[in-house]
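Cut-offs are given where a term first comes up.

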Amino acid sequence: MIRKNILLIVTVLLVLFGCTAEEHTEGARFVKVRGVDLIRPDGTKLFIQGTNLGNWLNPEGYMFGFSRTNSAWMIDLMLREMVGPDATDRFWCEFKDNYITADDIGFIASTGANTIRLPFNYKLFTDEDYMGLTAAQDGFDRVDSVVKWCRDNSLYLILDMHDCPGGQTGDNIDDGYGYPWLFESETAQKQFCDIWRTIADRYKNEPVILGYEIMNEPIAHYFENKDELNKKLEPLYKRAVKAIREVDTNHIVILGGARWNSDFFMFEDWKFDSNIMYTCHRYGGDATAPAIKEYIDFRNRTGVPMYMGEIGHNTDEWQADFVKVMKDNNIGYTFWPYKKVDGSCMNGITRPEGWDSVIVKFSEAERTTFNDIRAARPDQKTAKKLLREFIENSKFGNCKPQDGYINSMGLKK
């Protein structure tokens, strides 16, 4: 009788504070923000350590060895010009099936990582033409697979919209058209918010997901009107978070600063939501605390966590030094990327013999006119064979673990 009365009192108090006992129990299953820390459901602190599954669902040219052909739409167009639409569609579908699998996730977990950041293109949740499909995109199938693999390996997952409608950066990394049109298009902003609402509704009860990173590296520094664009960032974040909170109050929302996630001065209302944190990126400079003083100061001023969503592409010594700096200053991290050609990642892909002289050569060739394309196009049999070999080489069992890189991440091989 006493226990029933206590339960009744607790339920009444929860209702008075705007939630039911069921909702309170559900919310307790998720990582939450507490001051500048992330807290697991068992009450212990979570310090993020992990990697990014870059290139899998958001192809970038340099991870294939390309330089001039450097965004997803450029890579897709280049492949279609080289081997035709049917072969290109097959390549992308096989690429998605093989580039990241359960074996890759198990390997990441074996190094001691606890978190994976999953970059994706918004098109995966639309009927737009993307990576071999022209309708009924497979974004949820792909994310569902990673959720299961992470659950099986006790890993957390961050969902990162790396490429937003209209483009949020104005460079190749957003798969756009050289300007952050998202901030000037109501149509794109509505689609942006609608997609996040749909994603949040699907995963609202999934505790494997640590949080939603709204957009990657918004507003590059190239534009004369960047000050005007910067002012639009926080309002759009608020709009997207409002859409998410209409269906999901469980997950952390992660917000990045402008100029490669390095400027935070435009944020004024940093506690408009009770379960948010901020994210920064760093690829160079001194591996010291003074080098990221602005990030640390912003974290201390706001009183909410700061997380290094991308770091890497440096020497093992630099990376190891920076890991110590991040640990000393309570900034969790996910290195970029997990896998790509050559090294500077956790798992290196070996270039097929002839890859550079055929595939890379065509990707760098002048292809402005149809005559250019015809003149540069390689032998079809050879090109298709090399694309198949690339997929084979990208499979987990054929990749080369980069021991020094892994150890520099504060993990173990």
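Tyr-222 is partly exposed, with 45% relative accessible area; buried means under 20%, exposed over 50% and partly exposed in between, with a 1.4 Å probe and protein chains only. The model is predicted, so local features need pLDDT of at least 70 and side-chain atom pairs count only at pLDDT 80 or more, while totals for chains, interfaces and linings use all residues. Residues are numbered from 1 along each chain as its sequence is written, and side-chain values use heavy atoms, with hydrogens and water left out.

**Aromatic rings**

The structure contains 34 aromatic pairs. Rings of Phe, Tyr and Trp (its six-membered ring) pair if their centres lie within 6.5 Å; planes under 30 degrees apart count as stacked, over 60 as edge-to-face and the rest as tilted. Phe-64 and Phe-66 form a stacked pair, because their ring planes are at 10°. Tyr-222 and Phe-223 are edge-to-face, because their planes are at 85°. The table gives the separation of the ring centres.

| Pair | Centre to centre | Angle of planes |
|---|---|---|
| Phe-64 and Phe-66 | 5.6 Å | 10° |
| Tyr-222 and Phe-223 | 6.1 Å | 85° |

Phe-64 is buried at 1% relative accessibility, and Phe-66 is buried at 4%.

Over the ring of Tyr-99 sits the charged end of Lys-339, 5.2 Å from the ring centre. A charge sits over a ring if NZ of Lys or CZ of Arg is within 6 Å of the ring centre and within 35 degrees of the ring normal. Arg-367 places its charged end over the ring of Phe-362, 5.3 Å from the centre.

**Empty spaces**

Rolling a probe the size of a water molecule over the atoms shows where empty space is left. On a 1 Å grid over the protein atoms alone, a cavity is a set of points where a 1.4 Å probe fits but cannot get out; a pocket is an open set with protein on both sides within 12 Å along at least five of seven lines, and lining residues have an atom within 4 Å of a point.

There is one cavity of 30 Å³ or more. The largest cavity holds about 90 Å³ of space. Its lining has 14 residues, and Leu-38, Leu-46, Met-306, Asn-330 and Gly-332 are the closest to its centre. Strands β2 (37-39), β3 (45-46) and β10 (306-311) each give two or more residues to this lining.

The second largest pocket holds about 250 Å³. Of its 15 lining residues, Glu-217, Trp-260, His-281, Tyr-283 and Glu-310 lie nearest the centre.

Three strands form an open sheet in the order β12-β13-β14, with mixed pairing. Strands β12 (339-341) and β14 (400-401) are its edges, each pairing on one side only. Two strands pair if DSSP finds at least two bridges between them. Strand β13 (residues 347-349) pairs with β14 in the antiparallel sense over two bridges, and Asn-347 stands opposite Pro-401 in β14.

Ala-200 lies in helix α7 (residues 186-203); helices (H or I, at least four residues) and strands (E, at least two) are DSSP runs, numbered from the N terminus. Ala-200 is buried, with 0% relative accessible area. Asp-248 is 48 residues from Ala-200 in sequence, with 5.9 Å from C-alpha to C-alpha.

Note on methods. Points joined across faces, edges and corners; volume = space filled by probe spheres on them.
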